[in-house]
Amino acid sequence: MISEQARKFRHALGAFPTGVTVVTTIDNDGQPIGFTANSFSSVSIDPKLILICIDKASINLEAFIESAYFAVNILSEKQQQMSTTFASPVDDRFSHVDWQTKTTGCPIISDAVAWFDCTKDKCVDAGDHYILLGKVVEFDSTIMTPLVFLRGNYVNLTLEQKMLRAMKDDNTKVVVGALIECRSQIYLNEKADGYLYFPTASSLGSLNDSESLLGKLRLVGIDASEHYLFSVFESDDDKSSLIYYRAQVENTTKTSQGKFYAFDEVPFERIRDEWNRTMLKRYIAERALNAFGIYVGKESGGKVEAVTKPSVY
Ligand SMILES: Cc1cc2nc3c(=O)[nH]c(=O)nc-3n(C[C@H](O)[C@H](O)[C@H](O)COP(=O)(O)O)c2cc1C
């Protein structure tokens with residue numbers, strides 16, 4: 001159980017936006033290993049030094065301490081799924097990853113925004129982490145957009161900008177919806193047809209605009225001002241977009257239109273739209289891991305692009 005003070009400290013640290021890296025090495029059995037890390041920092045230009053911090057609780061700690069080498073791969077916006085894989089208890093994190101080796105033999109991940117192949121300069125004992133100081137022996141970089149991490153969430157700058165443009169474009173019909181959670185319960189509206197729906201509106205708006213999603217929610221006692229992108233679904237001709245946000249609130253509310261349903265008591269058969277059923281199942285599964293993705297889809301198909309693990313970093 002983490003103390004209130006530690007939670008506040010993590011929250012404050014999370015206010016510093018970072019990139020996301022996968023740190024790799026080769027273990028004693030010759031196997032590639034790696035973990036997601038945002039504690040990367042540049043240290044010195046001459047000599048070329050960088051650092052990364054590794055949790056003493058990491059199952060890979062010994063391998064990283066023993067190895068004379070490590071590599072840092074800076075992930076691109078398109079590699080959010082990889083970030084999740086390397087932060088989750090997955091047997092073979094490299095099974096779907098294209099990688100190669102450079103000078104040290106540590107895995108360099110294909111399509112990383114930049115990478116630094118290092119010999120280990122120092123390993124400094126620092127509280128509940130070790131600082132791995134790396135001397136860069138080879139590196140490269142591209143102009144791809146990096147993945148950004150802020151306040152426990154991935155920020156997909158390109159996607160958010162694209163959605164804002166769609167919302168402003170009069171030719172695009174936009175439906176904005178929300179998955180509102182309060183302590184493992186989800187808010188659903190009941191309509192006259194007897195089916196359950198997520199709350200929606202034609203714009204995200206503000207708390208004071210009663211026609212907008214945030215305003216409508218506020219009218220039923222829900223303050224969803226802190227929200228994150230969860231699903232974006234576009235028609236194939238780009239003329240209509242469904243944009244769903246997720247928000248966690250402190251208090252439940254029950255109105256004539258809607259109420260909160262415990263995750264294990266959601267009457268899925270009463271959610272009419274299959275896409276909404278799938279979206280809610282994904283939400284519940286990701287909530288259990290505290291690792292959320294952003295689904296980006298077209299009528300013809302889609303994929304989960306982004307994931308976050310707010311309780312850890
Ligand atoms: C965005 C993000 C950043 C992280 N940064 C670090 C980090 O800098 N150092 C660290 O030790 N763990 C970090 N973690 C947590 C590890 O990736 C996670 O605990 C992983 O399970 C460690 O794997 P291991 O125990 O197999 O080594 C981060 C996780 C995420 C999602």
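Tutor: A polar contact is a pair of N or O atoms within 3.5 Å; within protein, one must be able to donate a hydrogen and the other to accept it, and residues adjacent in sequence count only if both atoms are side-chain atoms. This is a predicted model, where local features need pLDDT of at least 70, side-chain atom pairs count only at pLDDT 80 or more, and totals for chains, interfaces and linings use all residues. Residues are numbered from 1 along each chain as its sequence is written, and side-chain values use heavy atoms, with hydrogens and water left out.

Student: Which backbone atoms lie 2.8 Å and 3.0 Å from an oxygen atom of the ligand?

Tutor: A backbone N or O atom of Thr36 is the one at 2.8 Å, and a backbone N or O atom of Ile59 lies at 3.0 Å. From the side chain of Ser39, an N or O atom is 2.5 Å from a ligand oxygen.

Student: Now salt bridges, please. How many does a search of the whole structure find?

Tutor: A salt bridge is a side-chain nitrogen of Lys or Arg within 4 Å of a carboxyl oxygen of Asp or Glu. The search finds 7. One of them joins Lys56 to Asp125, with the closest N and O atoms 2.6 Å apart.

Student: Is Glu181 buried or exposed?

Tutor: Buried means under 20% relative accessible area, exposed over 50%, and partly exposed in between (1.4 Å probe, protein chains only). Glu181 counts as buried because its relative accessibility is 2%. Its salt-bridge partner is Arg287, at 2.6 Å from N to O; Arg287 is buried too, at 18%. Lys56, by contrast, is partly exposed at 32%.
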